[in-house]
Amino acid sequence: MTPRSVVIVGAGQGGLQAAISLRQNGFDGSIILVGAEPGLPYQRPPLSKAYLQNGNADALTLRPQSFFASKEVTYLPETTVDRINRKAQEISVSGPEGARRLPYDHLILATGTRNLRPPIEGLDRACDLRCLTDAQILRDRLASPQRIAVIGGGFIGLEFAAVARKLGHEVDIIEAAPRLMARAVSPLMSEYFAALHREWGTRLHLGQPAVGVDEAGVTLADGTRIAANFVLLAAGVCPNAELASDAGLEVENGVKVNASLLTSDPAISALGDCASFPDVRTGQHVRLESVQAATDHARLIAARIAKVDTAEYAALPWFWSDQNDRKLQIAGFAGPDATEEAVSEGIVARFDAHGLAAVETVNSAGVHMKARRLLAGGKPVSLADLKEAVAA
Ligand SMILES: Cc1cc2nc3c(=O)[nH]c(=O)nc-3n(C[C@H](O)[C@H](O)[C@H](O)COP(=O)(O)OP(=O)(O)OC[C@H]3O[C@@H](n4cnc5c(N)ncnc54)[C@H](O)[C@@H]3O)c2cc1C
């Protein structure tokens, strides 16, 4: 039976996309989108990039207010879902209209992530960069000269550091791992970006975790002191999965879903940053933090609910990161054991037991798109296949 009421928890990139796609697929039941944040749903990627420089918050909005009236989507901002009662098929929410319960036929969990908080003394002195309010605070700080320490050399820390350097601030990056973006890219690409950031004037401190933050800066595990009057915490995230675990759903590095993106309860789906789903290439459960995964998950769930398509999830993952004038793009997804092969300047291929797993490019949108097509073909791809496609 097609559900008559869908409630979506989390009004970020994936939650909003689910509402959009449900209506695009002809779903005519009720849709309630519940989001803890104020204002209209917005995109996060520019928060560590263009927004820091232009301050244009309106440009982040994903859909205008009129969308919700015209598509009959009830949007409840500043409203938090506190509990799921699976037996009664209802959620408890609290917000401007007080505490109340909302029934659902189908529930979609799109709760995203929050910043990881490593055990660092004095960490409450550090700023976060997850939401628009955080970015507004950072933008204000960047208006006057700063000596900045960034804890975390992943995408967000590096993007922020690149903007801060461009604006003339002193920047140190502290990364506990021995290389930058270690979870996401090959050692070759880490090296490439480390050289760039050094060239742009940023000091890198690799292989030493931060252990303390105070008014004078950051202390590393080996006792090194990094002077800073402003510290950004960008040391990774953890999934907002407590609602699911409290409701007895299976949780393992996120809300665990099957290839149809259903949780262990067939009346509840999960998507995006909070969901751990089976990777079609390897069969292993993965959790990705990307706009692509959030929106493709949402489209699949909406098509299933509207009974338009019941295909299993097989979309190719892809990512991007803008650092100064370099656009890093990654087609596919490689695990930590993948090997690497330099294809040419700024192009690295990564392989695992199943063949080509991912292709990393810098300022090469054409090659990135070719790699996406190759990887999406569903057949194992060799280095020779890739080189041929790149040369074509
Ligand atoms: C600074 C920054 C830069 C980024 N840059 C890129 C990039 O360049 N490329 C890329 O692909 N991705 C990027 N990302 C990641 C991308 O934004 C996320 O992958 C994407 O937003 C995930 O969508 P989502 O719907 O899963 O979660 P989110 O968009 O994070 O939305 C989750 C929402 O759920 C709400 N919520 C949580 N719990 C509850 C509850 N109990 N009740 C009500 N609401 C709740 C949260 O408040 C939040 O608004 C970036 C992220 C950040 C923070």
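**Exercise 1.** Classify Phe68 as buried or exposed.

Solution. Take the cut-offs: buried means under 20% relative accessible area, exposed over 50%, and partly exposed in between (1.4 Å probe, protein chains only). Phe68 has 5% relative accessibility, so Phe68 is buried. Tyr75, at 14%, is buried too.

The model is predicted: local features need pLDDT of at least 70, side-chain atom pairs count only at pLDDT 80 or more, and totals for chains, interfaces and linings use all residues. Residues are numbered from 1 along each chain as its sequence is written, and side-chain values use heavy atoms, with hydrogens and water left out.

**Exercise 2.** State how the rings of Phe68 and Tyr75 are arranged.

Solution. Rings of Phe, Tyr and Trp (its six-membered ring) pair if their centres lie within 6.5 Å; planes under 30 degrees apart are stacked, over 60 edge-to-face, the rest tilted. The centres of Phe68 and Tyr75 are 5.1 Å apart. Their planes meet at 20°, so the pair is stacked.

**Exercise 3.** Which ring lies under the charged end of Arg141?

Solution. A charge sits over a ring if NZ of Lys or CZ of Arg is within 6 Å of the ring centre and within 35 degrees of the ring normal. For Arg141 the ring is that of Phe230, 4.6 Å from its centre. Arg63 lies over the face of Phe67, at 5.9 Å.
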